[in-house]
Amino acid sequence: MYAGVPRWATHAVTGPIGRVTVADADASWLAQLGSWAGHSPNSGKSYEDQPTLTLCESGVPSFEIRGPAVDLDLWLWNRPTGSEISVTGDADAFVELIRGGVQ
């Protein structure tokens, strides 16, 4: 949901790394926050600091988001969950990105 970067934009992956863990399955992913910027050749509009999330192969996470698969999916799309989502560590930037995203 935050991985699309236009071809004409520059992309920087410089933010914190976090782990998203599915509590009811043996699955987790590392994701790093970043941003893109550029000038659209189609609309003429300029963009700065547009948020991105990029999956990582490695890195030391500074936070973790954990919950059952169905509730993680709902939480990531700003929908009500049936159970608590655990947020530990320095996840403020990640939570802000999610809360400001899909409404």
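Tutor: T21 is buried, with a relative accessible area of 7%; buried means under 20%, exposed over 50%, and partly exposed in between, using a 1.4 Å probe and protein chains only. This is a predicted model, where local features need pLDDT of at least 70 and side-chain atom pairs count only at pLDDT 80 or more, while totals for chains, interfaces and linings use all residues. Residues are numbered from 1 along each chain as its sequence is written, and side-chain values use heavy atoms, leaving out hydrogens and water.

You will find T21 in strand 2 (residues 17–22); strands (E, at least two residues) and helices (H or I, at least four) are DSSP runs numbered from the N terminus. Setting aside neighbours within four places in sequence, T21 touches A27, S28, E64, I65, R66, G67 and L72, where contact means heavy atoms within 4.5 Å.

Now for the rings. The structure holds five aromatic pairs: rings of Phe, Tyr and Trp (its six-membered ring) pair if their centres lie within 6.5 Å, and planes under 30 degrees apart count as stacked, over 60 as edge-to-face and the rest as tilted. One of them joins W36 and Y47, tilted, at 5.2 Å centre to centre with 40° between the planes. This pair links distant parts of the chain, with W36 in strand 3 (residues 27–39) and Y47 in strand 4 (residues 46–56), eleven residues apart. W36 counts as buried at 10% relative accessibility, whereas Y47 is partly exposed at 21%. Ring pairs also bring in W8, making a cluster of W8, W36 and Y47.
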